[in-house]
Amino acid sequence: MMTIYLLKRLLIGIATLIVASLVVFLMLEVVPGDPARLMLGMNTSDAQVDLLREQMGLNQPLILRYLDWIRGLLRLDFGKSYTYSVPVIDLIRERLVVSFPLAVISLTLSTLIAIPVGLFAAARRGKAGDTAAMAVAQVGVAMPNFWFALLLVYVFAVWLRLVPAGGFPGWGNGIWPALKALILPALALALPQAAILARVTRAALIEVLNEDYIRTARAKGMPMRAVLWRHALRNAMIPVLTIMGLQFAFLLAGTIIIENVFYLPGLGRLVFQAIIQRDLIVVESVVMLLVAAVVLVNLIVDLSYALVDPRLRARQ
């Protein structure tokens with residue numbers, strides 16, 4: 001039954017969140033440095049530091065601090081930032097309107113590029129077109145996205161002056177100016193991911209093309225293009241969906257370098273600044289939010305398997 005399968009996946013997701021919360025909390029607690037002293041300055045007296053530590057709850061036992069933090073997360077109360085003196089949920093909300101559209105645009109571009117390239121390469125397996133496509137994909141896999149980001153800035157922002165080199169005007173100033181500011185970061189994130197997805201798509205399609213029903217369809221005179229789009233692609237989508245789910249989680253959580261290159265006020269830049277400033281409550285809350293996003297995306301991908309492949313739905 002699909003209901004039992006869904007419950008199992010939910011329980012696995014909840015267990016993952018609990019383990020992740022413990023790991024995140026304990027890892028940040030052992031990081032050297034006193035947040036209270038860093039906030040007040042190294043020349044501050046011990047009495048002032050102790051007073052701030054008490055106000056921040058840093059003097060409580062570790063287990064009590066962990067339980068208080070978990071209770072706050074369950075109520076969507078992430079606490080108050082030590083550095084900005086505002087609720088963490090407000091900081092996350094402000095930065096999420098940049099990071100989430102950036103991740104969606106990047107994944108869309110990656111998919112639109114990778115699927116046709118994978119189809120093209122699989123249809124020409126062993127030929128010059130396949131070799132050329134996979135060579136370009138290999139370069140994309142090997143290329144660091146921060147280096148590619150700097151190259152895009154030089155070409156399209158400095159040389160051609162088509163888009164801004166960095167910054168984000170905000171959605172309140174119009175959709176097009178905001179999208180224009182996200183074009184280069186989205187390309188810098190999408191192209192390396194498209195290279196990975198294209199290679200996975202090609203490999204999955206080649207495996208499917210060796211099946212008997214594909215040979216039967218070809219023997220009946222069905223054109224190769226129709227075989228690829230109607231039969232092969234759908235049956236090859238399970239590994240492709242798996243990679244797409246992992247990529248979306250990476251694009252949402254792993255944009256620290258790109259957001260710093262383009263000076264975007266997103267979640268990645270927020271985490272980077274919070275780590276430098278030892279703003280533990282911000283780091284813990286954002287990381288757990290990203291872990292929850294990864295778990296949710298993986299759950300959606302698992303459920304999509306049954307929609308793509310009816311055999312899995314019947315098996316469940």
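The protein chain exposes about 17100 Å² of surface, and carbon and sulfur atoms supply 68% of it; these areas come from the Shrake-Rupley method with a 1.4 Å probe, and for residues only the protein chains shown count as cover. Keep in mind that this is a predicted model, in which local features need pLDDT of at least 70 and side-chain atom pairs count only at pLDDT 80 or more, while totals for chains, interfaces and linings use all residues. Residues are numbered from 1 along each chain as its sequence is written, and side-chain values use heavy atoms, leaving out hydrogens and water.

Now for the overall build. The protein chain has 15 helices and 0 strands, where helices (H or I, at least four residues) and strands (E, at least two) are DSSP runs numbered from the N terminus. Its C-alpha trace spans about 85 × 55 × 35 Å along the principal axes. Of its 316 residues, 41% count as buried, meaning under 20% relative accessible area, with exposed being over 50% and partly exposed in between (1.4 Å probe, protein chains only). Take the contacts (heavy atoms within 4.5 Å) with a separation of 6 or more: 71% of them join residues 24 or more positions apart.

In the model, residues 100–123 are 100% helix, with end C-alpha atoms 34 Å apart. Residues 174–192 are 95% helix, and their ends lie 29 Å apart.

Helix α8 (residues 175–209) deserves a look. A straight helix of 35 residues would span 51 Å, but α8 spans only 43 Å between its end C-alpha atoms; the expected span is 1.5 Å times one less than the number of residues. There's a bend of about 35 degrees at Ile183, with Pro185 following within four residues. That bend is the angle between axes fitted to the seven residues ending there and the seven starting there.

On to the packing. A nonpolar core is a set of buried Ala, Val, Leu, Ile, Met, Phe, Trp, Tyr and Cys residues joined through side-chain atoms within 4.5 Å. The largest has 79 residues, and Phe262, Val282 and Val286 have the most contacts inside it. Helix α8 gives the most to this core, with 15 residues. Beyond neighbours up to four places away in sequence, Val282 touches Ser81, Val88, Leu91, Leu270 and Ala274.

Finally, Asn145 sits in helix α7 (residues 145–159). Asn145 is buried, at 19% relative accessible area.
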